[in-house]
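Visitor: I am new to reading protein models, and I would like to learn how to look at one step by step. Could you take me through this one?

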Amino acid sequence: MKKLVVLLLVSLMATTAFAGIDPDPDMLGVYFDTDANMNCTTATPNVPFPAYITITNPTSAEVHGLECGYEVVVPAGMDGLFFRLGNSLPAGAVDLGNSDDKLIGDYVVGLASPLPGNGAVQFVSWNLMLLGAFPVDIFLGPSTIQSIDDGLPAYEIGGAIRSLGLATGGVGTPVASINGDCPVAVEEASFGSVKSLFR
């Protein structure tokens, strides 16, 4: 009986292994760690740090490409104090997007060899640095070239395209923050469901 209980517990743990702070499937966010647990950080001026555009909990066994847009918002007049020192894609990647600008752009990337669809797939790696202690918000959204016209980022799963949700709920909400408040997911709620809480 003990063996059965242990086996059951182990199998439950194996099936509930999700990446990071967002347990939902097919999501996209920016994280400051490779496990997708940190969507906010405090940056020390003049010290480089990594950030990753990451697909979390893909429902496909393989990731063949990514389409997404990004916008980095800094306070007025501070864009010269924000640096993107590195902008890396997986080996064999071909990017048809325009990611030259550190503050706004997009990725339309295909891969020669797919990445395994594990819990957290780091697709873009940035190396960032600030020359001051000011807040920075990072937004994600659709690329300028969309395979699915639904206003969301998407990933290629080998012959098909699948939409990606955003880690904090939707376009227009920051997915990551530097020297600011941690972004949280926005839940949709109807008036009736909120009203029922007070009955």
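**Reading side chains and surfaces**

Guide: Let us begin with one side chain: that of Arg-84 makes a polar contact with the side chain of Tyr-70 (3.2 Å). A polar contact is a pair of N or O atoms within 3.5 Å, where within protein one must be able to donate a hydrogen and the other to accept it, and residues adjacent in sequence count only if both atoms are side-chain atoms. This is a predicted model, in which local features need pLDDT of at least 70 and side-chain atom pairs count only at pLDDT 80 or more, while totals for chains, interfaces and linings use all residues. Residues are numbered from 1 along each chain as its sequence is written, and side-chain values use heavy atoms, with hydrogens and water left out.

Visitor: Which backbone oxygen does the side chain of Arg-84 reach?

Guide: The side chain of Arg-84 reaches the backbone oxygen of Ser-99 at 2.4 Å. Arg-84 is found in strand β5, and strands (E, at least two residues), like helices (H or I, at least four), are DSSP runs numbered from the N terminus. The secondary structure of the protein comes to 2 helices and 13 strands.

Visitor: Which side chain of opposite charge is nearest to Arg-84?

Guide: Here Lys and Arg count as positive and Asp and Glu as negative, while His and the chain ends are not counted. A salt bridge is a side-chain nitrogen of Lys or Arg within 4 Å of a carboxyl oxygen of Asp or Glu, and buried means under 20% relative accessible area, exposed over 50%, and partly exposed in between (1.4 Å probe, protein chains only). Arg-84 is buried yet has no salt bridge, and the nearest side chain of opposite charge, Asp-100, is 5.9 Å away.

Visitor: With which side chain does the side chain of Glu-67 make a polar contact?

Guide: The partner is the side chain of Ser-147, at 2.4 Å. Glu-67, whose place is in strand β4 (residues 62–73), is also buried without a salt bridge, and the nearest side chain of opposite charge, Arg-162, is 13 Å away.

Visitor: Is Val-108 buried or exposed?

Guide: Val-108 counts as buried because its relative accessibility is 12%. Val-108 is found in strand β7 (residues 104–116), and, with contact meaning heavy atoms within 4.5 Å, Val-108 touches residues including Leu-66, Glu-67 and Leu-96, not counting residues up to four places away in sequence. The C-alpha atoms of Val-108 and Leu-96, 12 residues apart along the chain, are separated by 5.1 Å.

Visitor: Where does Pro-58 lie?

Guide: Pro-58 lies in the loop between β3 (49–56) and β4, and Pro-58 counts as buried because its relative accessibility is 11%. The C-alpha atoms of Pro-58 and Ala-120 are 7.9 Å apart, although 62 residues separate them along the chain.

Visitor: Which residues form a nonpolar patch on the surface?

Guide: Patches are made of residues with over 30% relative accessible area and no salt bridge, where like charges are joined within 9 Å and nonpolar side chains (Val, Leu, Ile, Met, Phe, Trp, Tyr) within 5 Å. Here Leu-81, Phe-83, Leu-85 and Leu-131 form the patch, with about 300 Å² of accessible area together. Leu-85, in strand β5 (residues 82–88), counts as partly exposed because its relative accessibility is 47%.

Terms used: Areas by Shrake-Rupley, 256 points an atom, 1.4 Å probe, with all protein chains shown as cover.
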